[in-house]
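Good morning, and thank you for coming. May I ask you to look at the structure on the screen while I go through its surface, its pockets and its salt bridges?

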Amino acid sequence: MEEIRETMQAELKTAPPKREREKKTRKKWHKNNVEVFIMAMIGAGFLFVFSYLPMVGAVLAFKKGDGYLNMMDAIFASPWAGFDNFRDIFLDSRFVPIMLNTLGFNLLRLALTMPAPVVVAIMYNEVRHLRLKKGLQFFAYLPNFISIVVWVGLVHSLTDMQTGPLNNLFQAMGSDPINFKGDPKYSWGMIIVSDIIKGTGWGSIMYLAAIVGTNEELYDAADIDGANRFQKIWYVTLPVVMPLFVLQLVLSISSIMGNDAASMLLWQTQSNLDKTEVINTFVLKEGINNMLYSYASAVGLFQSLVGLVLLVGSNWISKKINGSGVIF
């Protein structure tokens, strides 16, 4: 034992201090590390300025900041209102119909647009002719690169009641022209169908990548078992894309109370507001046009809280059913 103790003491005496060991193991930064760090800081700065810094304005939901010409005065100098703005939301006869309108439209759009990229990706994977496959993909991806302003104008031109080719076809078949743009009962269908045409091809890329990366031995084993093409799709291809589909579904459910205000404003006309007025366009009109900053902030904060609850709830359900989720 004495020999062991003496050996350990000798090693401790000859060992370099802790700081010297840390200096020796610490790596020097190279030029590539600096470039990566700068790019990361630019992204973090962008996120801070455009995502975190505007959260300071959420304090307006608890203040009487309506009607101020100076936004900084509305945020920092206006008196506190407590939860009065949230009470005004539910006392407003316009809000509940708009919220139900938002939920109904987004649920219907989610149910119709989410499966479309999966179906298209499976169809692409089943096309054996390479040139035909590339051509189909090119024309499916193309609408995604068209500006939303141009796209909405194109759809309105095609469905115009007087000069639109679609109504001309209906008239040639003996039917009366349909006012797609002005009649509220066609608004949801027109928007959802146009969204499917515009985004399905581009959205199928990630599902197609997952399918292409599938182990070929799984398909070989299915061939040995005598599975036909539809059975291989059901038992091999679909299980491969389901985790990715669930991930996209959870993220989409979390944003079910939100819409792109810019695109929804393009679809709106004075005659179809009953169907196209959603929370985001309502907040934009009330907050900017009518200078009701506190009221609009309260509506936006309520919308964000509902989105958070939906995200956590859908993630919990996903973990119970699928065994995996987006968060924790």
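Let me begin with a definition: helices here are DSSP runs of H or I with at least four residues, numbered from the N terminus. Please also keep in mind that this is a predicted model.

Which helices each supply at least two residues of the nonpolar patch? They are α3, residues 31-52, and α4, residues 71-76. The patch covers about 1200 Å², and its members include F46, F48, F50, M72 and F76. With six residues, α3 contributes the largest share. Is V56 buried, partly exposed or exposed? Its relative accessibility is 40%, so V56 counts as partly exposed.

The largest pocket holds about 790 Å³ of space. It is lined by 28 residues, and those closest to its centre are R109, T113, D195, I196 and G199. Several helices each supply at least two lining residues, among them α6, α7 and α13, but α11 gives the most, with nine. By class, this lining has twelve nonpolar, twelve polar and four charged residues.

The second largest pocket contains about 550 Å³ of space. Of its 20 lining residues, P54, A58, S297, G300 and L301 lie nearest the centre.

Finally, the salt bridges, of which the count is nine. In one of them, R94 meets D92 at 2.9 Å, N to O. R94 is partly exposed, because its relative accessible area is 38%, while D92 is buried at 14%. In another, K232 pairs with D223, with the closest N and O atoms 3.0 Å apart. In this pair K232 is the buried residue, at 16%, and D223 is partly exposed, at 41%. A further bridge joins E277 and K285 at 3.2 Å, N to O. There is also one network, in which salt bridges with shared partners join D84, R87 and D88.

Thank you for your attention.

Methods. Residues are numbered from 1 along each chain as its sequence is written. This is a predicted model: local features need pLDDT of at least 70, side-chain atom pairs count only at pLDDT 80 or more; totals for chains, interfaces and linings use all residues. Side-chain values use heavy atoms; hydrogens and water are left out. Patches are made of residues with over 30% relative accessible area and no salt bridge: like charges are joined within 9 Å, nonpolar side chains (Val, Leu, Ile, Met, Phe, Trp, Tyr) within 5 Å. Accessible areas come from the Shrake-Rupley method with a 1.4 Å probe; for residues, only the protein chains shown count as cover. A salt bridge is a side-chain nitrogen of Lys or Arg within 4 Å of a carboxyl oxygen of Asp or Glu. Buried means under 20% relative accessible area, exposed over 50%, partly exposed in between (1.4 Å probe, protein chains only). On a 1 Å grid over the protein atoms alone, a cavity is a set of points where a 1.4 Å probe fits but cannot get out, and a pocket is an open set with protein on both sides within 12 Å along at least five of seven lines; lining residues have an atom within 4 Å of a point. Grid points are joined across faces, edges and corners, and a volume is the space filled by probe spheres set on the points. Ala, Val, Leu, Ile, Met, Phe, Trp, Tyr, Cys and Pro count as nonpolar, Asp, Glu, Lys and Arg as charged, and the others, Gly among them, as polar.
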